[in-house]
Amino acid sequence: MGHTSLEKIIALQKNPANIRNLCILAHVDHGKTTLADCLVASNGIISSRLAGKLRYLDSREDEQVRGITMKSSAISLHYRNGDQEYLLNLIDSPGHVDFSSEVSTAVRLCDGAIVVVDAVEGVCPQTQAVLRQAWLENIRPVLVINKIDRLIMELKLTSQEAYTHLQKILEQVNAITGTLFTSKVLEERAEKEKEEEKESETLSGDQVFDWSAGLEEVDDSHLYFSPEQGNVVFASAIDGWGFSIQQFAHIYSQRMGIKAEVLLKTLWGDFYLNAKAKKIMKGAQAKGKKPLFVQFVLDNIWSLYDAVVTRRDKEKVEKVVASLGIKVMARDLRHSDPKVLLSAICSQWLPVSQAVLSMVCEKLPSPLDMASERAEKLMSVGARRFDSLPAQTQKLKTAFLQCSSEDNAPVIVFVSKMFAVDTKALPKYKPRPLTQEEIVQRRELARQRHADRMAADQTAAESHKELAHSESMSQESQPTNCEIYCFYFTSQVHSFSHLCQVPEGCSASDCVFEVPHLSCCSMESIYLLMGRELEDLEEVPAGNVLGIGGLEECVLKSATLSTTPACPPFTPLNFEATPIVRVAVEPKHPSEMPKLVRGMRLLNQADPCAEVLIQETGEHVLVTAGEVHLQRCLDDLRDRFAKIEISASKPIIPFRETVVRPPKVDMVNEELGKQQKVAIIHQVSHQVISQVMDGLVTLTTPNRLATVCVRAIPLPQEVTQLLESNSEVIRTLEQINMSLREGKSLDISLRTLEAIAGLKDQLDSLLQGRKWRNAVERIWAFGPRRYGPNILLNNVDSYQRPSVWQCLGRGDKTVEAGAQAAVLRDFDNSIISGFLLATLSGPMCEEPLMGVCFCVERWDVQSSAPAQHQESFEEDSMSHKALADNKVERSSETSAQEEGMASGLGQAERRPEPASDCYGPVSGQLIAAMKEACRHAFQAQPQRLMAAMYTCEIMATAEVLGRVYGVLGKREGRVLHEEMKEGTDMFIIKAVLPVAESFGFADEIRKRTSGLASPQLVFSHWEVISSDPYWVPTTEEEYLHFGEKADSANQALKYMNAVRRRKGLYVEEKIVEHAEKQRTLSKNK
Ligand SMILES: Nc1nc2c(ncn2[C@@H]2O[C@H](COP(=O)(O)OP(=O)(O)OP(=O)(O)O)[C@@H](O)[C@H]2O)c(=O)[nH]1
Ligand SMILES: [Mg+2]
């Protein structure tokens, strides 16, 4: 097929029913880009000989060198299926975990996905992850089982064994879909039950109880992959072949006179051909017969490989070629590499592009078929329910689903990703074919120049040089441009149309009535994305994927653009990867700092997952998902965005600080006696006295007016995990509480309320025992940042404050404003702020805390002034009385302030602060006192560091297994389990490894196993490092065992000191300890 013209694609864009927006998803190296190559070759964009070798969509140099995809890229293809013509907007995504954010951005733009699975490796961790992402975005997947040639050539399976193997893979994939489906149905069922319950509460009458799980009624057969449904293709992308059952059913129905429908149902499954009875019968396995799939399909392929590759039987090949009725060039027949001949035959017999593209056109939905459920989900942000959105917004959904292209229809564009394009690659700078006149002109010019040169050699040469110089200048002076890549749902986009950008996090009602954080932008140029190239377009009809130029000023990473402010911002993309690896970067030459800053800004825009920030120390920090991602970001910064030499620090590894229960045994496993009660007096500045009694710290503000008593206790591990995984819910809860305090009423969706109630119930069940009695109700705040994994508890009996769960208090969904009696004591916020500050950076190495519960046991603000304020006592007594009154209503404008500091200032405005108080506002002092109290309480417990852990799954053969274990052991890794992959000689090892030890891990494993095993690291959780960084021998046994110096390696201390050193904090290290006095050699005394 020839090169599809641009006009053709533009024409096809106007028919949304025949558009398919799809992406290719898989685990790393399962052959996505190779498959994409075959599809691209079918459009004549690359030669079919090069398909699979070129990896056309891996356009970056580092992608080609490393052999993995790092950025997703899009291309528009044309396909004719019968009498219909289709436009396919195809996105190839990376499979490496470090780039899983690119998958999220791609999935959002599509209505369907091709999931590729390697026939040998089967379902891998990323396969599960991409299936889940596709599910969460409500897009329909189809399956391609790739690399079937490996079953023949590498594993040397027989066709029968291969059939069993393929069945297993299909089962594995369907098992994942099954799990996703079941959880969804159960969730919906629970939701429905809740609603019914409420209804039955109001309508008293006959009670009917239904115990079915709901799974029986729902038909889920269409969700699964099965060859007879036509949503599975078996392929070998590298050899260019692929087929679906339909193709073979068609072939054999003609050849054998069996009905195609019958073959369709029986080709895959336990059926065999009874040649005598001329019947297809069930029970091939029981009777030891060859299943139809093996006999009709696999055997043909196996014998072809046998003839062409293994035996190189020329005669047989010629026979096969003749029987298939295809033509093979003599050049291919003679080629020394049998694979060339094989792909020449296969690509004509069973072209993979034909099989995949026809499946895509038939099985994947067009933008018109988008489920209304998906549209609603996209438009209802945060806690809002779709039906609680303004009518105007709800109306948009219809326009959205219709993809209407009328002039007055609203335009909605979702920008899922920004990407940088070299200015030279923009269509306007591309060389275009010359017109006839220009050619004549140029010829004339050249003739003239030639004549000139003959006349005066010298002058002509100079002018030529000048010309060349000015040309190159004009190209260089163009800055790198950021283009964006987005999907676009309704109406037409014309160049130069003006749009507003709806910021994330601002609700639709805000937009309609107040339009606060709305910004306006115009689209200067729109492009068609064609892999490595862009094509200029005048307009794009609805339902297409397109590129928009010149949005770099107004869009950071993603955005929702619309012509109407009623359009709500779409729900944020859900990213699977957590950015965890951070490095500080600086330019080689300090004068180039501005270039670096600009470069980092561009990088931040162009990468969905990278984060760029400036630390308190002034360092420019880059946070990435993993080592490979980091390398790509640094390369990008160096070569494209900043174009300067940069140097990057060693990775900065994050830690968390926590406390644990006092140990029962010492370091040599000897039982410890009854814990010694410690009473330490800390002398802090401003004569603040803190006392530690049995872990309880009492601290007074410098003016001696307020006292807080705090105790730190470790939270159970499950609670910490629960808080960590529910940070979004806690954040929503905080927002709701905030708006309740501000006096706004909120319409909260049932789902959100349920999530909050669920969290509360789980906390209730996990916090059991005398110590935690009624603890959930007494939660004061979460921190740091109001949603972290630490808790502040109110243990003051006399102080009643509204619960953080107040939004659950009422049965109905609408929580009225002002429902709570606003019985917040003054300075409530100061306590919270102190707690937030203390949890943000701990005393060990200023890293955030995790899993610590601070209980406020006593808290009072005294009314009598201390002795040094005697003079001002008279005038102050009034205000102090007021301060002590714990039923003073907080005014709403005070509570609107985020931090406690502000509330303190508000107080100061209303009542005159003690004039002679040289320590500043009381609220500020209380924040500092609370913070210090928390830190001391923390230090009064046994402290521990927590390390970030990666999990990794390593696939290795038995020979290299030992070396893999060696590397893991050296790096403090822990093997969780090991199993043998069925049907192969591969072992799968699952292990955890501290992030701190992970740098160079993948490379080391690869080197030690000669490239046979390559692990992928995914951040999984935080783990307490068991050793105590402050440990010194205390018992006799410990002295005996470790010696007086106790200088055995202390991993936790090493980590802690490294962090302290990096942050410029004091590190207690003695260079020479217990040094003996040096003696001179001569012994003259
Ligand atoms: N034997 C065999 N090898 C294949 C096949 N398809 C792809 N490969 C090889 O598998 C390797 C990875 O292929 P890619 O297409 O780059 O894989 P990918 O899924 O795009 O990888 P990422 O983008 O990095 O996730 C390459 O070396 C291909 O040559 C196939 O059908 N058979
Ligand atoms: Mg790839």
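**Figure 1. Strands β20 and β22 pair side by side in this predicted model.** Strand β20 covers residues 581–587, and strand β22 covers residues 620–624. The two run antiparallel and are joined by five bridges. One of the residue pairs to look for is Val583 with its bridge partner in β22, Leu622. In general, strands of a sheet pair through backbone hydrogen bonds, and the pairing can be parallel or antiparallel.

**Figure 2. Four strands make an open sheet.** Read across the sheet, the order is β21-β22-β20-β23. The pairing is antiparallel. Which strands stand at the edges? They are β21 (611–614) and β23 (646–648). Each has a single partner strand, so one side of each lacks a neighbour in the sheet. On average, neighbouring strands here are turned by 30 degrees against each other, direction ignored.

**Figure 3. Helices α16 and α17 pack at an angle of about 135 degrees.** Two packed helices are described by the angle between their axes and the distance between the axes. Here α16 is residues 372–379, α17 is residues 391–402, and the axes are 10 Å apart. The two helices are therefore oblique to each other. Their crossing is right-handed. From α16, the contact uses Ser372, Ala375, Glu376, Leu378 and Met379. From α17, it uses Thr393, Leu396, Lys397, Phe400 and Leu401. By class, that gives six nonpolar, two polar and two charged residues.

**Figure 4. Helices α4 and α5 cross at roughly 30 degrees.** Helix α4 is residues 100–109, and helix α5 is residues 125–136. Their axes come within 10 Å. That angle makes α4 roughly parallel to α5. The crossing is right-handed. Helix α4 brings Ser100, Val103, Ser104 and Val107 to the contact. Helix α5 brings Gln126, Val130, Gln133 and Ala134. How do these residues divide by class, and what is the charged count? Four are nonpolar, four are polar and none is charged.

Terms used
Residues are numbered from 1 along each chain as its sequence is written. Chains are lettered from A and ligands numbered from 1 in the order in which they are written. This is a predicted model: local features need pLDDT of at least 70, side-chain atom pairs count only at pLDDT 80 or more; totals for chains, interfaces and linings use all residues. Side-chain values use heavy atoms; hydrogens and water are left out. Two strands pair if DSSP finds at least two bridges between them. Axes are lines fitted to C-alpha atoms, for helices over the stretch in contact, and angles run from 0 to 180 degrees between N-to-C directions. Angles under 35 degrees count as roughly parallel, over 145 as roughly antiparallel, 65 to 115 as roughly perpendicular and the rest as oblique. A crossing is left-handed if the near helix is turned anticlockwise from the far one by less than a right angle, and right-handed if clockwise. Contact means heavy atoms within 4.5 Å. Ala, Val, Leu, Ile, Met, Phe, Trp, Tyr, Cys and Pro count as nonpolar, Asp, Glu, Lys and Arg as charged, and the others, Gly among them, as polar.
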